[in-house]
Amino acid sequence: MANLRPMLIMGLLVLSYLMWVEWQKDYGQQTTSPVANTSFDSSAIPDQNSSSLPANQTAGDLPVPESTVTTGQAGINMDDGPQAVMTSESELLIVNTDVLRVGIDLTGGTLVSAELLNYPQELAFPEIKVNLLSRGGADMFIAQSGLLSREAAPNHTSKYSADRMLYTLDNNADEIRVPLTWQSDDGIRVTKTFIFKPGDYDISVRHTLTNDSGQTWAGSRYDQLQRAVPGEQDGGSFTNPSRYSFFGIGFYSPDEKLEKLDFDEVASEPYKRSFPGGWFSMVQHYFFTAWIPPNEESNSYSTQVYSPTGLPRYIARAVSPSVNIASGESHEFQSRIYVGPKLQDELNDIAPGLRHTVDYGIFTVFSKPLFWLMSGIHKVVNNWGWSIVLLTVLIKLLFFKLTEAQYRSMARMRKLQPRIEQLKERYGDDRQRMSQAMMEMYKTEKVNPLGGCLPILIQIPIFIALYWVLLESVELRQAPFILWIDNLSERDPYFILPLLNAAFMMMTQRLTPTAGMDPMQRKIMQFMPVGFSIMFAFFPAGLVLYWATNAGLSLAQQWYITRKIDAAA
């Protein structure tokens, strides 16, 4: 019983090692498999037998384009301007806002590129932004939408026309509208309008259909996300960008909340459900893309795996209820697409339940309150590093009485060390009689040998919860602290924090009683600072900042209490 504390610390060390292994999988250097020079169609046609289609419509009504897009065209350099960005059928229409740079293919009015202007891929190359969408290659990811009907209707294979190919949102403008037009030979006209607003990552998409065909038009709107999963092309299994950060498809309904599907689940069993007030998304580490139908509309949601050339592409879609539009009348189909970061304070204002895309896994019960508290502190200090420091101080204050009792117990045990040494000399190798004598002495002196266990047990879930907050919260991605720490989500480049933590641990050991430990346990305790330093050298700096701050505060508190008890003796 008296030796439980070093075992708990050893368990924490092992746990830290396992977390480091997983972190290396998440952020360690990864090799990229060469992409095969494979061509494939630029479309994915809804399954004719899919129950998500209206009863009076079939997928056979959708034309299959003959042209293809090759993986060699996947790289898009938008800095060269829209004239330099070409597909096999058309150049891209470019839309610039203060937070987005979007590329729209006039074939289908498909979103094939979405640069997040406030999010560099790496701090070392701030000009290269995170691009959530890609028009081709092993990481192909596009957002499509269109209309389904037995009559004439534009879908994601139809060719639209535009008045110009470059739109820029003015600084003082409330919005910018990007209209694309399509017209059939029999009098059906459709204007597909994208509406961008400053500071917003959600884009309104409206299909306005005018029927001058002389007969009633019947049909539905559909939205879909289509992507290839990197790694599938060479037969290898896909490794998530962050092993425990969800990567896959999510369907949200008011009743079931967010239903998560891995891509291999979609391949084995398609998803088919209908419900109002929902949305669907494809989620990845830090970012996601989601189609959001009108809240009052009951949509049919489904998934499909499409393999035109053997390279699987995963599709999630929503189909709206069918409407009838009499000749001479118009109707507007509406939906929104979100393409951006998981900003936790803003997502639920965009759509109910959208915050569920932030995934802390089984540690949500701890991580969400921690992030909420850190966010509140950040609003005051405007620095995530100081938020972590002040969070650590608040946690220490919350458990002050508990740790005070721990340190008082440890200080009294330290004073009992000479008597414990005498017991060891008296009983020699008879460990049972020695343990009984020690417990009697602890009882007489009112010392609790397990007093140091509970604070350590409390620190473990906080430590793990903060780990996932650092890895999953986009708000802390590439967040700077002070001086040499320019990224709290990456390791300390000069290993100063791990060494500082080791120094605090070594000084704490000098105040910690070691009587009653066998030689092996003492060696383990002496190795702890070195072991933690090696482990923490590869941990995110924000996590080590928390642990080092906690170690420094604990050392100060223990030193003060030990000195006070020694002076009273």
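This is a predicted model: local features need pLDDT of at least 70, side-chain atom pairs count only at pLDDT 80 or more; totals for chains, interfaces and linings use all residues.
Residue numbers start from 1 along each chain as its sequence is written. Local features need pLDDT of at least 70, side-chain atom pairs count only at pLDDT 80 or more, totals for chains, interfaces and linings use all residues, and side-chain values use heavy atoms, with hydrogens and water left out.

**View 1. Serine 213 sits in a loop between β11 (202–211) and β12 (217–228).** Strands here are DSSP runs of E, at least two residues, and helices are runs of H or I, at least four, numbered from the N terminus. Serine 213 is partly exposed because its relative accessibility is 23% (buried is under 20%, exposed over 50%, partly exposed in between; 1.4 Å probe, protein chains only). Its side chain makes a polar contact of 2.5 Å with the side chain of asparagine 211, and also gets to the backbone oxygen of glutamine 215 at 3.1 Å. (A polar contact is a pair of N or O atoms within 3.5 Å; within protein, one must be able to donate a hydrogen and the other to accept it, and residues adjacent in sequence count only if both atoms are side-chain atoms.)

**View 2. Asparagine 383 caps the N-terminal end of helix α5.** One of its side-chain oxygens lies 2.8 Å from the backbone nitrogen of glycine 385. The buried residues of α5 include Trp384, Ile388 and Leu391.

**View 3. Eight strands line up in an open sheet, β9-β10-β11-β21-β17-β16-β13-β14, with antiparallel pairing.** β9 (176–183) and β14 (257–261) are at the edges with a single partner strand each, so one side of each has no neighbour in the sheet. Strands count as paired if DSSP finds at least two bridges between them; β16 and β17 have 4.
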